[in-house]
Amino acid sequence: TVYLGRVVGRGGFQRLVAIKKMHPHLAQNVDFVSMFLDEARLAASIHHPNVVGTLDIDEAEDGLSLVMEFIEGTSLFKLYSAARKENSRVPLPVVIRIMIDALAGLQAAHELLNPDGFALNLVHRDISPQNILVGLDGISRITDFGVARAEERLIETSDGSMKGKLAYMCPEQIRGEPLDRRADVYAAGVCFWELLAGRR
C-alpha cells in the first residue's frame, strides 16, 4: 500500500513523501522481503530527474516501508484513460515529451554501475503506463523497480516465472528467455503506440 507522508524537521522543515508499505502478511515471506529490499537498493542507486527517487527504508514491528519522492501529478495510465473517456487523445507534443523523459530515465537505469564500476545490466521488466508518472512540474518519471532484474540482486526470479504486465511484454519475456534492456525499450514502444493510436 502506498501512503502520502510528511517528513518534518528542524526549523519548520517539511516535505511530502510517498511511503510504500509492505503488507504485514507478506513480511513473513523471505522472498518477498528480499524483492522489496532489492527494489529499494536498485531505485536508490539511480540518481536521475526522470526516475522516482528512493529516500529511505524503514523497518518497524509491522514490516518494511520504502520512503520515496512524492510526485504531484498522475500516472500516464490515468492521463490516457481520461483522454479516452473524453473521446480524445493526449496532445502529440505532450506524448513526445512524456516518452522522451521515460526513455531518459530508462537509459539511466540501464547504464547503472555497481560501486566497483561494473555494469549491473538492470532491466525494469514492468514499463507500462501505470509505472510512468507525469508530474505537474512537466517532468515524467519511471517508478516501481519491484520486478527489475539486475546482476546483483538478493533474490533471483525462478526460471519460467513471468514478472510484469502481459500487454507490454516482449516475446522473449513471455517465453521466459534471458532479457536485456531491449525488453524495456519494447515496452516503452508499446506505451508510445497506444498513446499515438488512442487504443490498445
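Modeller: Buried means under 20% relative accessible area. The model here is predicted. At 7% relative accessibility, R141 therefore counts as buried.

Colleague: How does E69 pair with R141, and at what distance between the closest N and O atoms?

Modeller: The two form a salt bridge, with the closest N and O atoms 4.0 Å apart. E69 sits in strand β4 (residues 63-69) and R141 in strand β7 (residues 140-142), so the bridge ties together parts that are 72 residues apart in sequence. E69 is partly exposed, at a relative accessible area of 22%.

Colleague: How many salt bridges are there by this rule?

Modeller: The count comes to 9. Another of them links R181 to E111, with the closest N and O atoms 2.8 Å apart. R181 is in the loop between α4 (171-174) and α5, and E111 in the loop between α3 and β6 (132-135), so this pair joins parts 70 residues apart in sequence. R181 is partly exposed at 32%, and E111 is partly exposed at 42%.

Colleague: Are R200 and E194 buried or exposed?

Modeller: R200 is exposed, at 56% relative accessibility, whereas E194 is buried, at 4%. They form a salt bridge whose closest N and O atoms are 3.0 Å apart. Elsewhere, salt bridges with shared partners join E69, D137 and R141 into one network.

Colleague: At what angle do the axes of α3 and α5 cross?

Modeller: Angles over 145 degrees count as roughly antiparallel. The axes of α3 (residues 92-110) and α5 (residues 182-197) come within 11 Å and cross at roughly 170°, which makes α3 roughly antiparallel to α5. The contact has 11 nonpolar, 1 polar and 1 charged residues. Among them are L92, V95 and M99 in α3, and A188, F192 and L195 in α5.

Notes: Residues are numbered from 1 along each chain as its sequence is written. This is a predicted model: local features need pLDDT of at least 70, side-chain atom pairs count only at pLDDT 80 or more; totals for chains, interfaces and linings use all residues. Side-chain values use heavy atoms; hydrogens and water are left out. Axes are lines fitted to C-alpha atoms, for helices over the stretch in contact, and angles run from 0 to 180 degrees between N-to-C directions. Helices (H or I, at least four residues) and strands (E, at least two) are DSSP runs, numbered from the N terminus. Angles under 35 degrees count as roughly parallel, over 145 as roughly antiparallel, 65 to 115 as roughly perpendicular and the rest as oblique. Contact means heavy atoms within 4.5 Å. Ala, Val, Leu, Ile, Met, Phe, Trp, Tyr, Cys and Pro count as nonpolar, Asp, Glu, Lys and Arg as charged, and the others, Gly among them, as polar. A salt bridge is a side-chain nitrogen of Lys or Arg within 4 Å of a carboxyl oxygen of Asp or Glu. Buried means under 20% relative accessible area, exposed over 50%, partly exposed in between (1.4 Å probe, protein chains only).
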